[in-house]
Amino acid sequence: MVRIEGLHKSFGHLEVVKGVDLVVERGEVVVIFGRSGSGKSTLLRCVNMIEDPTEGTIEVSGVRLSGGHRTRRKRRQIRELRLRTGMVFQQFNLFPNMTALDNVMSGPMCAGQGKEAVVKKRALDLLDRVGLADKAGEHPIRLSGGQQQRVAIARALAMEPDVMLFDEPTSSLDPELTGEVLSVMTSLATDLHMTMMVVTHEMGFAREVADRMCFFHEGRILEEGPPAQMVSAPTRPETKTFLDAVL
């Protein structure tokens, strides 16, 4: 579903991602974890082409792109790639002047993906899936942080993506609100078998839901493996030091 080959990303003279290769299979949940500033979020933003890779290629559901100048053809390909990916950010990024329902409908309506009545029904179904059917008419300011993030998840799902990208979706939430967001994410993995790349420090979620964990260190994937191995018996001292600090 996702293939990353030789990915590098620099900002000026600072190289943040340093030659990453990663394949995510259909239906697989891959958790990417590591210290702040190690390049995890930049990797995810390159997958969605929010950031252009300096070198390397990204392929999502058959759409393959490389870094470099954005020609007209490449801009079309980026649009195709983004139609295949849904992204949930640390901040909720909801439109404050729109209700929860309108936020979820906004993407499909802008992309011309069906008549309004059809899009509205799907949006209501998605709000129900994330436990917010009764909040459809509320504006973001009247929702808790956890509720706003669940609306953001529903909005990403409304585009019917092939893969979901989560960039530390619980990092700005109070502990009591984190569980409701992780519960929705768990449901996506276990009930819908959604392909997911998740940047998170939530090791409980990783152990329960992930098929594979990748430890990101100084711009590279230093170690990867199944959760039981990664949490209980990491092979690299850097991984063990990090896990000892967060577990």
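Ala, Val, Leu, Ile, Met, Phe, Trp, Tyr, Cys and Pro count as nonpolar, Asp, Glu, Lys and Arg as charged, and the others, Gly among them, as polar. By that division, the lining of the largest pocket holds 12 nonpolar, 6 polar and 3 charged residues. The structure is a predicted model.

**Largest pocket**

- The volume of the largest pocket is about 580 Å³.
- The pocket is lined by 21 residues, and those closest to its centre are Thr 85, Met 87, Gly 107, Arg 155 and Met 159.
- At least two lining residues come from each of helix 2 (72-83), strand 6 (85-88), helix 3 (100-110) and helix 5 (145-157).
- Strand 6 gives the largest share of the lining, with 4 residues.

**Aromatic pairs**

- A pair of aromatic rings is described by the distance of the centres and the angle of the planes.
- The whole structure contains 3 aromatic pairs.
- In the pair of Phe 33 and Phe 215, the ring centres are 5.3 Å apart and the planes stand at 50 degrees, so this pair is tilted.
- Because Phe 33 belongs to strand 3 (residues 29-33) and Phe 215 to strand 9 (residues 212-217), the pair ties together parts that are 182 residues apart in sequence.
- Phe 33 and Phe 215 are both buried.
- Phe 215 also pairs with Phe 242, again in a tilted arrangement, with 5.7 Å from centre to centre and 45 degrees between the planes.
- Phe 242 sits in helix 9 (residues 237-246) and Phe 215 in strand 9, so their pair ties together parts that are 27 residues apart in sequence.
- Together, Phe 33, Phe 215 and Phe 242 form a cluster linked by ring pairs.

**Burial of the cluster**

- Phe 215 has a relative accessibility of 0% and therefore counts as buried.
- Phe 242 has a relative accessibility of 6%, so Phe 242 counts as buried too.
- The cut-off behind both assignments is a relative accessible area under 20%.

**Charges over rings**

- Lys 9 is placed over the face of Phe 11, 5.0 Å from the ring centre.
- Arg 155 is placed over the face of Phe 95, 5.5 Å from the ring centre.
- Arg 155 is also one of the residues closest to the centre of the largest pocket.

Technical notes: Residues numbered from 1 in each chain as written. Predicted model: local features only at pLDDT ≥ 70, side-chain atom pairs only at ≥ 80, totals over all residues. Heavy atoms only, no water. Phe/Tyr/Trp six-rings, centres within 6.5 Å; stacked < 30°, edge-to-face > 60°. Buried < 20%, exposed > 50% of the residue type's maximum accessible area, 1.4 Å probe, protein only. Lys NZ or Arg CZ within 6 Å of the ring centre and 35° of its normal. 1 Å grid on protein atoms, 1.4 Å probe; cavity = no way out; pocket = protein on both sides within 12 Å on 5 of 7 lines; lining within 4 Å. Points joined across faces, edges and corners; volume = space filled by probe spheres on them.
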